[in-house]
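Me: I am new to this structure and would like to learn how to read its features one at a time. Could you take me through them slowly?

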Amino acid sequence: MYISVIGHSGSGKTTLFQALSGTKNEGGYSEKANLAMIDVPDERLDVLTKIFKPKKTVYARIELADTMAIEEGNVQKGTINAKTLQQMRTSDAFILTIAYFDGKSPADAAADIHAIRGEFILSDMAQIETRLERMKKQPKKGDTAQAQEELLLERCLAHVNEEKPLSTLALEEQETRALRGFQFLSLKPMMIVVNASEDNMAEGKAQAEVLEKNFPGYPVISACAKLESELALMADDERAAFMEEYAIKESIRGRIISLALHTMGLICFLTVGDDECRAWPIKKGINAQEAAAAIHTDLSNKFIRAETVSYADFMKYGSMTECKKAGVWRLEGKTYIVEDGDILNIRAGN
Ligand SMILES: Nc1nc2c(ncn2[C@@H]2O[C@H](COP(=O)(O)OP(=O)(O)OP(=O)(O)O)[C@@H](O)[C@H]2O)c(=O)[nH]1
Ligand SMILES: [Mg+2]
């Protein structure tokens, strides 16, 4: 999971990146993107670790990148820094930072989202048009795959022509797969953070709600990145007092991470044992055999059964033995759709 923090110049990208990663970079502006690995907090894994006392606990991880600013016309005109563009294309999702401090109005915030979304749409449009032109020049070979791609791209083009991001186009699983190679920017899930100052946090929250209604497809939350970046560096007791003082219920880090999983359509299954307790992020809706590939392709190829118990059941009965007695421990086959919090043990052949 690779997520980039993007936005206009001075919108607070680096500050938010620091709040999310708990790092502090005194050097200010840097050409090089900052990268950080973030553990996805998981209370279930914490509890299981206490029970199994494994040698190690491995949380799902997000790789977070800070990027350089996107200026108006940048993406479309190709004047954007090549590295930043490459970074954006390879991202699984974006966190867009919108400045709502230093006298910025709600109209400014809306205009900023509109501008960036517009950049992405225009960039995708140009890519689609180029591809379609090339396809039309090619001699027709009666190739159905080609015909299908052309039809799909025509649908995409009609959608972006209406100024809608591709993320709001209803696509079949296999269509999404067919489009993957294009790395379309407007197809990527995007979360928006309205970055409010210390003294307009309540208004930031209200604005986030309005913006979410006005920009369908994007979850919008608000935070004061500056406060949160300080918060991220505090010791636990100091942090609690600070959060109370500023009425921050949950840190942006916790909020963004659960939102990111949700926005990217991810859930986690768990594995337990004396060696390791671990959370494995997978796409929601995939089956046990596909999920096994997250651990190892061999486990998927030679899949036999998945020993399965839900976290809730495990907590209710306290041990695998008790779960078996109660009949909640199951042997699931290849096509079983894995649920969030399933504790799995994959049985595979040699
Ligand atoms: N009041 C207030 N100021 C903020 C907040 N977040 C960032 N700032 C200030 O805005 C300025 C820019 O913040 P950065 O985090 O460097 O912004 P950036 O988007 O990384 O900027 P570039 O990388 O130069 O595009 C700094 O002076 C921050 O202190 C915030 O939540 N509230
Ligand atoms: Mg920066």
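Me: Leaving aside its neighbours within four places in sequence, which residues is Val194 in contact with?

Reply: Bear in mind that this is a predicted model. In it, and setting aside neighbours within four places in sequence, Val194 is in contact with Ile98, Tyr100 and Ala109, with Gly204, Gln207, Ala208 and Leu211, and also with Val220 and Ser222.

Me: Which residues touch the most other members of the largest nonpolar core?

Reply: In soluble globular proteins, nonpolar side chains tend to be buried together. Here the largest nonpolar core has 55 residues, and those touching the most other members are Val194 together with Leu96, Ile98 and Ile192. Helix α5, residues 106–137, gives the most to this core, contributing 7 residues. Another core, of 26 residues, lies apart from it and includes Cys268, Ala288, Phe303 and Leu344.

Me: How should I read the packing of α5 against α6, and at what angle do their axes cross?

Reply: Two packed helices are described by the angle between their axes and by the distance between the axes. The axes of α5 and helix α6, which spans residues 144–161, cross at roughly 150 degrees and come within 10 Å, and the crossing is left-handed. Among the residues that meet there are Ile121, Ile128 and Leu132 in α5, and Leu153, Leu157 and Val160 in α6. The residues of this contact divide into 9 nonpolar, 1 polar and 4 charged.

Me: Into which domains is the protein chain divided?

Reply: The chain is divided into domain 1, covering 2–40 + 61–262, and domain 2, covering 285–348, and the centres of domain 1 and domain 2, taken over C-alpha atoms, are separated by 34 Å.

Key:
Residues are numbered from 1 along each chain as its sequence is written. Chains are lettered from A and ligands numbered from 1 in the order in which they are written. This is a predicted model: local features need pLDDT of at least 70, side-chain atom pairs count only at pLDDT 80 or more; totals for chains, interfaces and linings use all residues. A nonpolar core is a set of buried Ala, Val, Leu, Ile, Met, Phe, Trp, Tyr and Cys residues joined through C-beta atoms within 7 Å. A residue is buried if 20 or more other C-beta atoms lie within 10 Å of its own, exposed if 12 or fewer, and partly exposed in between; C-beta atoms are placed from the backbone. Helices (H or I, at least four residues) and strands (E, at least two) are DSSP runs, numbered from the N terminus. Two residues are in contact if their C-beta atoms, placed from the backbone, lie within 7 Å. Domain bounds come from an automatic or database domain assignment. Axes are lines fitted to C-alpha atoms, for helices over the stretch in contact, and angles run from 0 to 180 degrees between N-to-C directions. A crossing is left-handed if the near helix is turned anticlockwise from the far one by less than a right angle, and right-handed if clockwise. Ala, Val, Leu, Ile, Met, Phe, Trp, Tyr, Cys and Pro count as nonpolar, Asp, Glu, Lys and Arg as charged, and the others, Gly among them, as polar.
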